[in-house]
Each structure stands twice: as C-alpha cells, then as structure tokens.
Amino acid sequence: MTINRSPSGAHSNAPLPATLRQMIAVLEKERQALASLDADSLFEASREKDALCDALSPVEPESLDHETRPLVETAQRLNDVNRRVRNLLAANVASRLEALGAPRAAYQAGSHAALSSPPNHGGATSLRVTP
C-alpha cells in the first residue's frame, strides 16, 4: 500500500512500511526530547506525528501484513512509553506546585481547562476545569 500526499506534502507517495518507520523514528525523537525536556523538539515531534497520523488515516487494519503489523506494534509500544513519561513529568510538576501551596486541580479526561477571574478575589486568575 502507498500513502498519498498529506496536506503538508511531507509524506508524498511513501509506502506504508516507510511511513511506519518514520513514525517510529519520530516517536524515538519525542522520547529523547522528553528526556532532555526540549520543548522545541517536543513541538516538532508533535507536528511530525500529526502529519504522519494524517497520512496513515486511510489505512485499514485489514491491510496490514507480516511486515507492517510488527511496525504498528512497535509504534504503539513507543507511543505508550512516551505517554507514561509525559504523565510522570506532569505528575512531578503537579506535586511540586502542590508543595508550594497550589491546590491540585480536579482533572477529568475530556475536560477543558479554562482561565477565569473569580469574583471578589481582586481579579486573581485561577485554573478552573470545565466539562
């Protein structure tokens, strides 16, 4: 199977195995950026992952073969490791902020954080989680 050009033009007519290998490389790049806390590299990896996801979106699971299925599984494992690292970093930041006296925000999946100015607090800005 061949991947057609993405809207950004970054992955023009790349075969599926090559696109999956690119995704693995980007996930490894993201892991390195997380380890070094390199925000610019994290942003770039995020953009690259988004473009690769767009390129992979037309691929059906039934079209995977003996070459591509292990590549997908590797990418899934790397993505899971990166997610865990991001969650640990976020938990560490939350813990440090809480130690400084900031209350822990009640976060729920699918919620959106919004900044608001609560009444009678002198215009202080607080973080409020809304569904």
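This is a short walk through the structure shown above, from its overall layout to single residues.

The model is predicted. Start with the confidence. The protein averages a pLDDT of 79, and 69% of the residues score at least 70. Over residues 1–12, pLDDT stays under 50. Over residues 111–131, pLDDT stays under 50 as well. The model still draws contacts for both stretches. Counting beyond four places in sequence, it has 30 contacts for residues 1–12 and 28 for residues 111–131. Where pLDDT is low, the predicted coordinates should not be read in detail.

Now take the layout. The protein has 131 residues. Its secondary structure comes to 3 helices and 4 strands. Read from the N terminus, the order is β-β-α-α-α-β-β. Helix α1 covers residues 16–36, α2 covers 39–56, and α3 covers 68–99.

How much of the protein is buried? Of the residues, 24% count as buried. The accessible surface comes to about 9100 Å², and 55% of that surface belongs to carbon and sulfur atoms. Contacts also reach across the sequence. Take those between residues at least 6 apart: 47% of them join residues at least 24 apart.

Which residues of α3 are buried? They are Thr 68, Leu 71, Ala 75, Leu 78 and Asn 82. These buried residues pack against α1.

Pro 17 gives a view from the α1 side. This residue lies in helix α1. Pro 17 counts as buried because its relative accessible area is 15%, and the cut-off for buried is under 20%. Leaving out residues up to four places away in sequence, Pro 17 touches Glu 67, Thr 68 and Leu 71. Two of these names, Thr 68 and Leu 71, are on the list of buried residues in α3. Pro 17 and Asp 65 are 48 residues apart along the chain, yet their C-alpha atoms are separated by 9.9 Å.

Next come the charges. The structure holds 7 salt bridges. One of them joins the side chains of Glu 30 and Lys 49, at 2.8 Å from N to O. Glu 30 lies in helix α1 and Lys 49 in helix α2, so this pair ties together parts that are 19 residues apart in sequence. Both partners are tucked away from the surface by the numbers: Glu 30 is buried at 5% relative accessible area, and Lys 49 is buried at 15%.

Arg 86 is partly exposed, with a relative accessible area of 31%.

Another salt bridge stays inside one helix. The side chains of Arg 83 and Asp 80 meet at 2.3 Å, N to O. Why does this pair span about one helical turn? Arg 83 and Asp 80 are 3 residues apart in helix α3, so about one turn separates them. Arg 83 is partly exposed at 37% relative accessibility, and Asp 80 is partly exposed at 26%. Elsewhere, salt bridges that share partners join Glu 30, Lys 49 and Arg 86 into one network.

Leu 37 sits in the loop between α1 and α2. Its phi is near 55 degrees, a positive value in a residue other than glycine. Is Leu 37 buried or exposed? At 60% relative accessibility, Leu 37 counts as exposed.

Val 93, Leu 97 and Leu 100 make a nonpolar patch of about 320 Å². Leu 97 belongs to helix α3. At 45% relative accessibility, Leu 97 counts as partly exposed.

Terms used: Residues are numbered from 1 along each chain as its sequence is written. This is a predicted model: local features need pLDDT of at least 70, side-chain atom pairs count only at pLDDT 80 or more; totals for chains, interfaces and linings use all residues. Side-chain values use heavy atoms; hydrogens and water are left out. Patches are made of residues with over 30% relative accessible area and no salt bridge: like charges are joined within 9 Å, nonpolar side chains (Val, Leu, Ile, Met, Phe, Trp, Tyr) within 5 Å. Accessible areas come from the Shrake-Rupley method with a 1.4 Å probe; for residues, only the protein chains shown count as cover. A salt bridge is a side-chain nitrogen of Lys or Arg within 4 Å of a carboxyl oxygen of Asp or Glu. Helices (H or I, at least four residues) and strands (E, at least two) are DSSP runs, numbered from the N terminus. Buried means under 20% relative accessible area, exposed over 50%, partly exposed in between (1.4 Å probe, protein chains only). Contact means heavy atoms within 4.5 Å. pLDDT is the predictor's confidence in each residue, from 0 to 100.
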